[in-house]
Amino acid sequence: MDVQIRNLTKTFGSLRANDAISLSFAAGNIHGILGENGAGKSTLMKLLAGFLQRDSGEVLLDGQPASLHNPAASLAAGVGMVHQDPMDVPAFSALENFFCASPRSALPSLAVARQRLTQLNQQFGFTVAPDQPLARLTVGQRQQLEIMRLLACGVKVLILDEPTTGITAAQKTALFAALRRLTAQGETVLFVSHKLDEVADLCQTVSILRSGRVVGAQLPMPQPQAELLKLMFGQAGAPAPPRQAAAPPAPASAVPVWQLHQITVREGALSVPNLTLSLPRGCVVGLCGLDGSGQQLLLRLLAGRLHPERGRLLLHGTDVTRAPYRAFRAAGVEYLPADRMHDGVIGAMTLTEHLLLTSEQHGLIINRADARTQAETAIAAYNIKATPDTPLVSLSGGNQQRAMLALLSAECTGLLFDQPTRSLDVVSARAIWQRLLHRRAAGTTIVFASADFDELLAYSDLLLVFFAGRVSRLLPCPTMTAARLAELIGGVGFAEVAAHGG
Amino acid sequence: MDTQQILINLAAILAGAAPLIFATMGETITERAGVVNLSLDGKMLLSAMTGFAVGVHTQNVLLGFVAAAGVGMLVALVLCFVSLGLRLSQTAVGFVLALLCTDLSSFLGNSYVRVPGVAVPAMPIPVLQDLPILGKILFQHDLLIYASFLLVPLVWWFLFRTRAGLTLRALGERPTTAYARGVPVLPLQLFYVLLGGALVGIAGAAYTLDLKQGWSYRHIAGTGWIALAIVIFGGWNPWRVAFGCYLFGALQIFATRSQNLLPNIPTQIFQVAPFALMILILVLVNAGSNPTLQRWIEQLPAPLSKPVQQVLARLNTAAPAALGQPFRRP
Amino acid sequence: MADKPTTEAVPEALPAPAALRALALPAAHLLTSAGIIIGGTLLFTTLVLLASGTSPLEAYRLILSGAFRNPRTIADLIMLTAPLLLCSAGLTLTFSAGLYNLGIEGQIVIGAVLAMVPLRLLPDLPPPMLWLLALSAGAIGGMLWALLVGVLRLSTNVNEIFAGLGLNFIAIGITLYLVFGPWKRPGVASMSGTEPLPEALWLPTLAGIRLAPLAPIIALIGMGVVWFALTRTHWGLEIRAAGLNLAAAERLGVPAHARLFQSLAGCGALAGLAGALQILAVYHALIPNISSGIGFLALLVVLLVRSNPVWVLPVAILFASFSIGSIQLPLQLGIDSSIAGVLQGTLVLFALIAQGVRGRG
């Protein structure tokens, strides 16, 4: 199915997320849509999928105007989208998810759905067991399930939004093979990514968005990489994160920030057994692994928000195995979660109020004027786009992240950060890391989890790789490459780096 | 107690729990669709009163039930307008409606207090009623109570064995997903909340037109709250919810009977017992997800702690993930 | 560059209309809201009154003015407003903490029961001392009953709504047991309650009317303390933080669970104080209906004012005046006094609707 987009515009408040976009995609091809974070790629795709409603402009499918004013209309017209965070129901089984809200004509009964799922699995070499609860599937498998579901529903235009985030190398290979096969059957595939190599590998044309505008329309691939980078990032070109100078080695006599002795930590089905390591002062430790391999368990263990089943945990040489979170905070440990609005900050409260909440010495009665002054200082120092009285929920992601950093105590000696720059644009991400490295220079040890190899390799001094609940020993970052890291995450050669228990 | 008495008691439990079955099934459907209807207590009173009044005026039981279901739907409509349409707290609106409907029932039902009315006629089923044991327990009731027997498997089948039921559960689990798949989320939620409201309305009328056969001020106050608690106890699963209803019915029968058997125990203990039990049961249902309690259980002797853990794990069912959160179109 | 002067000129031109708009907007909102609330409530209750065959005008006249008819009704109004204020103040605490304390009725009841204990055991103490003891006992009773809700909610994860409701019924059961059992009147036990206290133990009243000035004074102090705590202290800020986002508050170092417990304890203490006042200043005995639904009425008050303590006082007086005014309806018009509840409930419902409409606009 051919897709033609004419003058599509979508605004959120004062932000023009899509500004008069005109593009056209020919049937039977894979079309790449490139752009940095916040360029408007996802918005455009959600407009096509009917998930968002356009303000103006029109979309033609095979030359006919299509309404696409809600997902039902888009699906009926043959446009389906695999969202970055797969839109499925965690409480259902794979088969139930496959069947849920499918048109009766496509899947008349659950029995037929089961057959069809098995058949599609075989056809594409996917590995989704029908009766597996969704919670047990990996992100990659959930994505496979969504693709199969959309195909079963008769979709002719398949949109994939950043499909390679959080999936294994093998899953990526299977995905690309499946997409190529689909175009051979006449499907149109729109492949949204910010990764140049993937687009080069897969797509026949590429279109580039920057700040909600088209800056390159269906350019035939291949294109010189430098050219694409220039289009994506403007004249400034691509920001290649400079490798940071390694931290000066801590004196051998210094007490490590954290020491773990044969610690086993468990939550639900996931456990990390028999962990022994020690994290020195003033370094950055990157945790990498597939989603849910145990990185978050370690972060929360170190923060005192999760207690070990067995073993001993020392903080600055003091036993804190059973100590409450408060004791960790008092010792200068802070934890910054991935989901800011969930348990990071209080969305309805202002920066001033947050500063009041976190101030260490305070009397009975609050001193608002004083806190406002502090807030103004923090806003200037951290370059936060807000007033002292703006509720944090109404800030952008990058500003929220900076606000969270501004709330850190000056005496922070250990910082645990889950996904420090997820969903931030390059400039914001750099600004965050500048702050973090500043802290490291002051002696703070930073432990962070990330899914972004570039980030891990650029900023870590030491790396810990997680694979299926097992943890590597501390690996010095300078000897590591992205390719090697990818292998380790998938378990290839993991035994060589695995920590020896005991 | 001889066998005969036991059979009579069992039959009384089944009959006594019938209104609760209607109310809890209605609420199960509502909550599975992601909406908490906290107005149950008042809504049941209002529909009980309305059903009774319509029955008195028309001398027609069926019309009474229709009116009661209508009232239930009307209250559900108000709830939907405020909580789904205007996206205000379902708890707040439900609570206000519960109080408002209670007072409305007292005010409008003033002239119907202890007035003779109509009642669902008894309808023993020929042949089946003569079955040994089962006949007495199951087949010497009236249509409403037979309907309550059928309602439980029907709701279960609908929720867990049909395409529409799967979509309904998706609404309560993750409405954004349902929306992305082309489901009209708000209209469907409205539909199921109204359906649930109708069942709750019928439950109210089941008291005044069948079980208690008459109307007086606030005579079933508290039942709605019990029904809401039973839905939690039942983990939003019709079979377990029904089990909760019958358990509660048995307790009530036991309480009235025991007053004669054990005259030394103050009657208030029996009146209060169901509510104390409700709290206790909610504690047990939640125990599976409670680390403190888990630690206590682990310290029990091994032969005891394992089965206790298993029972608690079975009792602990997660609520629909999006329960009580209004859907916002992206 | 050519644009620059004009872009700079705009802010110069803006202030006047912006200021006007800033003023006009809330005013317009206020008008819309008031229209929805008053119009909707009047329409609905009028329909209800017509359905019952009553003259709406006559009914409204009685409900609205009944409380202000003579010094005696005004005294009744004040004596109802006092416990209502205490409970509303308490509930602003729990609402700020994000808790629906539906167990407040039981907290009033247990407060009343415990207030009875010193009055029955030590009737020979000097009255002022006894009052102090009874009020303290009441506050402690309500607090303990509320903490039970807290334990159920925070340690065993039972929803506070159901824990509270269940405990309400249990509290009433305890009262019934006492009234019909150990504390029954010599001779016959009845729903009219325990033997009245000796008059010397009643809170002193103004000459000729049933107004005990101490009750409204205690209520106003209670309300003032809560207002100050919530808006001016760290403790209040932390309660609000815990109520808005428990996990984030904890992460930021707020002892969030403790704050939730404390908000419940505070609310329970105020409710228990209200219960003690019901004994000392209103009923002078323990009766089964000692709470008179004041707790739920206070919930309506707080839902209407949205935990904004400033508005608690006028709304509490208004609601209390409906309740007092409607007492004479059965005698004068032959209709049930529960129309007051209908009126109160409808007001809150339409206030919620107005708030929702405003939120959308």
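Throughout this briefing, two residues are in contact if their C-beta atoms, placed from the backbone, lie within 7 Å. With that rule, 79% of the contacts in chain B with a separation of 6 or more are between residues 24 or more positions apart. This is a predicted model, in which local features need pLDDT of at least 70 and side-chain atom pairs count only at pLDDT 80 or more, while totals for chains, interfaces and linings use all residues. Residues are numbered from 1 along each chain as its sequence is written, and chains are lettered from A and ligands numbered from 1 in the order in which they are written.

**Chain B**

- Chain B has 15 helices and zero strands; helices (H or I, at least four residues) and strands (E, at least two) are DSSP runs, numbered from the N terminus.
- The radius of gyration of chain B (taken over C-alpha atoms) is 21 Å, close to the 20 Å from the globule rule (2.2 Å times the number of residues to the power 0.38) for 330 residues, so chain B is as compact as a globular protein of that length.
- Along the principal axes, the C-alpha trace of chain B spans about 55 × 55 × 40 Å.
- Of the 330 residues in chain B, 50% are buried; a residue is buried if 20 or more other C-beta atoms lie within 10 Å of its own, exposed if 12 or fewer, and partly exposed in between, with C-beta atoms placed from the backbone.

**Chain A as a whole**

- Chain A contains 18 helices and 21 strands.
- The radius of gyration of chain A is 24 Å, which agrees with the value near 23 Å that a compact globule of 502 residues would have.
- Taken along the principal axes, the C-alpha atoms of chain A fill a box of roughly 70 × 50 × 45 Å.
- Buried residues account for 46% of the 502 residues of chain A.
- Among contacts in chain A between residues at least 6 apart in sequence, 68% join residues at least 24 apart.
- Chain A is assigned domain 1 (3-236) and domain 2 (258-345 + 407-497), with bounds that come from an automatic or database domain assignment.
- The C-alpha centres of domain 1 and domain 2 of chain A are 33 Å apart.

**A strand to look for in chain A**

- Strand S8 (residues 188-193) of chain A has six of its six residues buried, so S8(A) is largely enclosed by the rest of the structure.
- In a regular strand, side chains alternate between the two faces of the sheet.
- Both faces of S8(A) are covered, with Thr188(A), Leu190(A) and Val192(A) buried on one side and Val189(A), Phe191(A) and Ser193(A) buried on the other.
- Strand S3 (residues 30-34) of chain A runs parallel to S8(A) and is joined to S8(A) by five bridges; two strands pair if DSSP finds at least two bridges between them.
- Strand S7 (residues 157-161) of chain A is also parallel to S8(A), again with five bridges.
- Val192(A) in S8(A) stands opposite Ile33(A) and is the bridge partner of Asp161(A).

**Where chain C meets its neighbours**

- The contact between chains C and B takes 40 residues from chain C and 36 residues from chain B.
- On the side of chain C that touches chain B, H15(C) gives the largest share, 14 residues.
- By class, that side of chain C has 24 nonpolar, 14 polar and two charged residues; Ala, Val, Leu, Ile, Met, Phe, Trp, Tyr, Cys and Pro count as nonpolar, Asp, Glu, Lys and Arg as charged, and the others, Gly among them, as polar.
- The contact between chains C and A takes 16 residues from chain C and 21 residues from chain A.
- Helix H9 (234-244) and helix H10 (246-251) of chain C each supply at least two residues of the side of chain C that touches chain A.

**Inside chain C**

- Chain C is divided into domain 1 (95-292) and domain 2 (300-353), and 22 Å separate their centres, taken over C-alpha atoms.
- Six residues of domain 1 of chain C are in contact with five residues of domain 2 of chain C.
- Leaving aside neighbours within four places in sequence, Val301(C) is in contact with residues including Leu84(C), Val312(C) and Phe319(C).
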